[in-house]
Each structure stands twice: as structure tokens, then as C-alpha cells.
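Hi everyone, thanks for coming.

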Amino acid sequence: MITFIFSALFLFVAVSLVVGYSLSTPRYSGAKSDHFNGKRFFNMRGKEQKGFGKWMLQREQGEWSNTANAPVGEKPAARVHEGIRITFVNHSTFLIQADGLNILTDPIWSERSSPFSWAGPKRVRQPGIRFEDLPEIDTVLLSHNHYDHLDLPTLKKLFQEFEPVIIAPLGINAFLEEKGIPSASEADWWDEMPLNSNVTLAIVPAQHFSGRGLFDRNATLWGGYILKTKTGNLYFAGDTGYDQNIFQEIGKRYAPLRAALLPIGAYKPLWFMSPVHISPEEAVNVHLDLKSEISIAMHYGTFPLGDDGQNEPVNDLKQSMRRYDIGQDEFLILKEGSSYEIARKVETEGIVTVA
């Protein structure tokens, strides 16, 4: 009996190691920097998520219910040439249309946020826009390589359908090429690149981590993005914990910000999640740090990733907005499939008007 138990345990460990290795991504190799030591990336002030095993043993997940039959939004316009149209799809996926470009952030249409089709966090709400209703996609922005942000089935489908330019933080290109998605562009924090004659993209710091298997923790970089358009600057935060210095610096460098897309979910328990995910109250603080005209909530209501329940992020956000005297027109909670439009401001002889 003891022999059988040890054999079973050995087999379990061996299989786990093999699977963990097979899921791990190639490790980035490059020059050292203030956030890369030659082997792994790290946050500016050393914050890290710890205690995963302890969290799994003590989990007290809030209530979630299936809303798979929720309505979807209308088919988006083919192109938007004036102003910016931001459509919330689900989780951290937005369709951003500006200056003739169609951009997707962290696209995920899969049923699970997982390396497996049979296990892992399952979506409780369908995407707000059908994949078949998407306009031609020019650019895909990936904030990091976690399964709910870099979804391989969706990326492969997008590449087959549109062959978009994929932009990601350092190290992710090798993994995508390995999976048959070639020619992604990589960037480091504060790098900038043109997307067309009117739009420039900048990658900016975030406080997070990366990894898809057991042996690739922080092997690739993570970050957020700034889109500089004719209508103004737009910030997509990706996943991040709270670091006031980061957000104030982003707000200073890219002022004025017309809009910021900020995560509010997967923040409980605070002792475990706070180094890498902002809470709804911290999202309000980020909005203030950035001095953004408006902010839009994301990263909630799709996949049960933390211990917060399905409605807790929105409820807590509304309470925090009241505490900080932030109006509903300043921090928006969009329904999946709905859009928000930002008009271009035109200054003539010192008078600013909306075009």
C-alpha cells in the first residue's frame, strides 16, 4: 500500500512538472535595466504577489451566477475617422476606433481563461460583441502573457482573419512565434512607435508579473499602453497593482489624458491580490493620480478570478466614487457591447470647441 501511494505521488509530481514545463514560455534575453536583471523582470519597487498556496487553501469566493444569455451589442462601425469610439467587449477587451484604426486590447473570446478547454476559470457572460461582427482589426495590444489577457485561440483566430499587427511587452514575441503567430512587435517601458500617420503608441510601466507555466515566472515583461491620437491621449492600464509614482508619472508625461481604461476586479483577498491588482477604491485613486478626463472600468464580471463576487467590483467602485466625490460621468461603468465616444477638441483663437 505504501509503495502504491509513493508511486502515485511520484507520478502526480512527474506529470505536474512535465505539464508545467510544457506550458512555460521562452525566457527573454537582453540587456539589464532598472526592471530586468538579465534573467527575470521585476517591479520598480520590488512588489510581488506571494502566498498562492495559502490563498488556494483559504479561498472564500464570492457569489457568481451565469448570465450567458445577456444581450450583445450592435455591430461596430467599419472605421471611425473623427473622434475616438471605445467599445467594451468583456474583461479587459476593448475595441478602440480612432483615426481610421481598429485596435483590440487583450482580446479574449474563449470560454475559459485557462490552458485547458476542460478546466480553469469559465466565463459567466458572453462577449458583448460577437467575433463575427468585428470590423477589420489592424492592431492588437497585449499587456502581458496571463491566460485572461493573452488568449491563444482568440489570437490565432484574429491572425487567420485579419493578420493584425500584434504589439506586446518584451519577450512575448518568441512565445507567439512558437505558437504559429509570427512577427509580433515588442517594446520596453516608455518606448514609442507610430501606428499610422496620426496615431503613436507608447508602452508604459505597470506593477504586475508574468507567467503561464511553472518555470517562466517573470520571464517576459508586462505593461500598459498610451494611444496618442488627433483627439487626445488614451491610457489602457492592463493589469496592475497600485503604485502612485507610476500613475502620476504617466499622467504627467501624457497629459492631458482624455480617457483611462482601468481594472477594478480580482482584488480579494487584499493581502494576496493588492501587489498586482488594484481594488475599486485604488482605481479611483489612479483616476485622480492620472488626472484623466474620464475613466472606464474593466477586468470584472466575466471570469471569477479572485475571491470578490460578480457584483462586488462595481458596487465597491460606486461607493468609492461617492466617497471621493467622483461623478458617474467621470468614472464610467459600461455594459458589455456598449460604446463611449470622445469628440475632438479644436482650439481657435484661444477658444476650445468640440469638432
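Predicted model: local features only at pLDDT ≥ 70, side-chain atom pairs only at ≥ 80, totals over all residues.

**Helices around H7**

Residues are numbered from 1 along each chain as its sequence is written, and side-chain values use heavy atoms, with hydrogens and water left out.

Helices here are DSSP runs of H or I with at least four residues, strands are E runs of at least two, and both are numbered from the N terminus. Helix H5 covers residues 244-253, and its axis lies 7 Å from that of H7, at an angle of about 40°. Axes are lines fitted to C-alpha atoms, for helices over the stretch in contact, and angles run from 0 to 180 degrees between N-to-C directions. The two helices are therefore oblique to each other; under 35 degrees would be roughly parallel, over 145 roughly antiparallel, and 65 to 115 roughly perpendicular.

Who touches whom? On the H5 side there are Gln244, Phe247, Gln248, Ile250 and Gly251, and H7 brings Val286, Asp289 and Leu290, with contact meaning heavy atoms within 4.5 Å.

H7, residues 280-290, has another partner: helix H8, residues 312-323, packs with it at about 50°, the axes 8 Å apart. That makes H7 oblique to H8. This crossing, too, is right-handed. From H7, the contact uses Pro280, Glu281 and Val284; from H8, Pro313, Asp316, Leu317, Ser320, Met321 and Arg323.

**The sheet**

Now for the strands. Seven of them form an open sheet with mixed pairing, in the order E7-E8-E9-E10-E11-E12-E13; strands pair if DSSP finds at least two bridges between them. At the edges sit E7 (192-194) and E13 (331-332), each pairing on one side only. E12 (residues 294-298) runs parallel to E13, joined by two bridges, and Ile296 stands opposite Leu332 in E13. And what does H7 do here? H7 packs on this sheet, touching E10 (232-236), E11 (257-263), E12 and E13, and its direction makes about 160° with that of E11.

**Zooming out**

Overall, the protein has eight helices and 16 strands. Its C-alpha trace spans about 85 × 45 × 40 Å along the principal axes.

Definitions and conventions
Left-handed = near helix turned anticlockwise from the far one by under 90°.
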